[in-house]
Amino acid sequence: MKEKIGFIGLGIMGRAMALNIARAGYPLQVYNRTPKDTSALEALGAKTAPSPRALAQDSDIVMAMLTGPEAIDHLLWGDEGAAGAFGPDKVFINMSTVSPKYSKELGQKLAATGVTFIDAPVSGSKKPAEDATLLILAGGQREKVEALDPLFKTVGNQVVYCGEAGQGSMMKMANNLLLTLMIEGLSETLNFGKVGGLSREALLEVILNGPLGCPIFQMKCKALSSDCYDPNFPLKHATKDLKFLVDTAYEIGAPIPVGQTLFQLYSTGVFKKWGDLDVCAIMKVLEQMCAG
Ligand code: NAP
């Protein structure tokens, strides 16, 4: 008998993940702060819960895929929050990207309810969420993480055990340092070449077909060659993650000089009101810095 799942957060990632959980045959309830069209989920047998509390009451496992700490706190401890229905017989999995510090504090706060807390952010964007090929970065008690493997495999194709709760988020920070660095690096290179008189197409041909070509560059080249920044991974989320990264680096004493600069650059994109565009809109920040 499959566990009853409650899924909170039907944004770019959450909606695709919830659909895959329903397709795998798990009894599913969903909740989103702003009511959404859930007809595709309902067609697969899922129900919409009237509140996070009602969802948690009727679920064995509650999963959250939300923007970050503010949203999680609101839906756990706000009016009709899910935490009010947590107990030792339930599991709460946070899959949203948060800082390791927040994740550890969340685990400590939830301990009073007796719920099992798992910290499981993901690597992969909209398409891997749709294709159920996310990489799950899991923190928490190892045997509890292992027991969740069949559920994780409905949304992803690999689970990496990272250590105690909070270490999944630490792994996510490390991953996103490299991700934001590579996307800025590609954008900076394309802008540099373009200002120097090369076409973006020729530049991309050289980068993608040489030793520097890699899946993330392949994925982002269409957006960067067409200036079409429909969001897969919104710039505002990359900036939020860089803020967590900068804070985490200070707390643990790790130097991230380029990470600090990346935070400034990506923040500029948010200040310019490009936060809802894809992370590739970092290109617009660089273009604005050009002379003339
Ligand atoms: P999204 O499309 O912006 O969705 C955000 C979700 O959080 C929505 O359900 C939204 O509800 C909810 N939310 C935001 N603020 C809230 C609040 N104050 N109270 C209650 N609910 C709130 O984000 P996403 O792209 O799916 O990303 C979700 C998480 O996954 C983020 O932590 C992100 O960093 C991470 N992530 C994203 C990607 C990606 O490529 N997109 C990849 C890996 C990890 P409303 O609909 O009511 O606004």
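The views below show a predicted model.

**View 1. Residues around the ligand.** The shell around the ligand holds 27 residues. Those that come nearest are Ile12, Asn32, Thr34, Ser125 and Asn232. Sorted by class, the shell comprises 12 polar, 10 nonpolar and 5 charged residues.

View 2. At threonine 67, a backbone N or O atom is 2.9 Å from an oxygen atom of the ligand. Threonine 97 likewise places a backbone N or O atom 2.9 Å from a ligand oxygen atom. Lysine 240 takes part through its side chain, where an N or O atom lies 3.0 Å from an oxygen atom of the ligand. The ligand taken alone exposes 900 Å², and the protein buries 89% of that area.

**View 3. The ligand pocket.** The ligand takes up the space of the largest pocket.

View 4. Three helices each give at least two residues to the shell around the ligand: helix 1 (12-23), helix 4 (69-77) and helix 12 (235-252). Domain 1 (5-164) contributes at least three residues to this shell, and domain 2 (170-291) also contributes at least three.

Key
Residues are numbered from 1 along each chain as its sequence is written. This is a predicted model: local features need pLDDT of at least 70, side-chain atom pairs count only at pLDDT 80 or more; totals for chains, interfaces and linings use all residues. Side-chain values use heavy atoms; hydrogens and water are left out. A residue is near a molecule or strand if one of its heavy atoms lies within 4 Å of it. A polar contact is a pair of N or O atoms within 3.5 Å; within protein, one must be able to donate a hydrogen and the other to accept it, and residues adjacent in sequence count only if both atoms are side-chain atoms. Accessible areas come from the Shrake-Rupley method with a 1.4 Å probe; for residues, only the protein chains shown count as cover. On a 1 Å grid over the protein atoms alone, a cavity is a set of points where a 1.4 Å probe fits but cannot get out, and a pocket is an open set with protein on both sides within 12 Å along at least five of seven lines; lining residues have an atom within 4 Å of a point. A molecule sits in a cavity or pocket if more than half of its atoms lie within 2 Å of its grid points. Helices (H or I, at least four residues) and strands (E, at least two) are DSSP runs, numbered from the N terminus. Ala, Val, Leu, Ile, Met, Phe, Trp, Tyr, Cys and Pro count as nonpolar, Asp, Glu, Lys and Arg as charged, and the others, Gly among them, as polar. Domain bounds come from an automatic or database domain assignment.
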